[in-house]
Amino acid sequence: MSRVTRPALSLQQFIHRGQVIAMYRKFMRLTKRAPDKPSRREMREWIRVDFDRYRTEADPRRIDVLLAQASRQYKNMESGMFPMN
């Protein structure tokens, strides 16, 4: 059985990967506060599409900018859209 190996990640790529996964999970957890199932489903789809759009981004500076934008967007959503239960 042949096994496909990926090239090793640099330290910066490894750190960015972890940051992106953590941000994705935070967004997904936030959807639990949505008022109903259709809203949750729509939000999750929007999150998946948005993260997939930048899946192949390789420029470290651009990734930093995208993470900062995602963080601001998360804070806005967390504080404004969904009150704590």
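Me: Is Phe51 buried, partly exposed or exposed?
Reply: This is a predicted model. Phe51 has a relative accessibility of 23%. Buried would need under 20%, and exposed over 50%. So Phe51 counts as partly exposed.

Me: How is the pair of Tyr24 and Phe51 classed?
Reply: The ring centres of Tyr24 and Phe51 are 5.2 Å apart. Their planes meet at 80°. Planes over 60 degrees apart count as edge-to-face. The pair of Tyr24 and Phe51 is therefore edge-to-face.

Me: How many residues apart are Tyr24 and Phe51?
Reply: Tyr24 sits in helix 1, while Phe51 sits in helix 2 (residues 37–53). The pair links distant parts of the chain. The separation is 27 residues.

Me: What is the angle between the planes of Phe27 and Phe51?
Reply: Phe27 and Phe51 also form an aromatic pair. Their rings lie 6.0 Å centre to centre. The pair is edge-to-face, with the planes at 70°.

Me: Is Phe27 buried or exposed?
Reply: Phe27 has a relative accessible area of 2%. The cut-off for buried is under 20%. So Phe27 is buried.

Me: Which residue lies over the face of Tyr74?
Reply: Tyr74 belongs to one aromatic cluster with Tyr24, Phe27 and Phe51. A side chain lies over its face, at 4.5 Å from the ring centre. That residue is Lys26.

Me: Is Phe14 buried or exposed?
Reply: Phe14 lies in helix 1 (residues 11–30). With Leu9, Leu11 and Ile15, Phe14 forms a nonpolar surface patch. Its relative accessibility is 53%, so Phe14 counts as exposed.

Note on methods: Residues are numbered from 1 along each chain as its sequence is written. Side-chain values use heavy atoms; hydrogens and water are left out. Patches are made of residues with over 30% relative accessible area and no salt bridge: like charges are joined within 9 Å, nonpolar side chains (Val, Leu, Ile, Met, Phe, Trp, Tyr) within 5 Å. Accessible areas come from the Shrake-Rupley method with a 1.4 Å probe; for residues, only the protein chains shown count as cover. A salt bridge is a side-chain nitrogen of Lys or Arg within 4 Å of a carboxyl oxygen of Asp or Glu. Helices (H or I, at least four residues) and strands (E, at least two) are DSSP runs, numbered from the N terminus. Buried means under 20% relative accessible area, exposed over 50%, partly exposed in between (1.4 Å probe, protein chains only). Rings of Phe, Tyr and Trp (its six-membered ring) pair if their centres lie within 6.5 Å; planes under 30 degrees apart count as stacked, over 60 as edge-to-face and the rest as tilted. A charge sits over a ring if NZ of Lys or CZ of Arg is within 6 Å of the ring centre and within 35 degrees of the ring normal.
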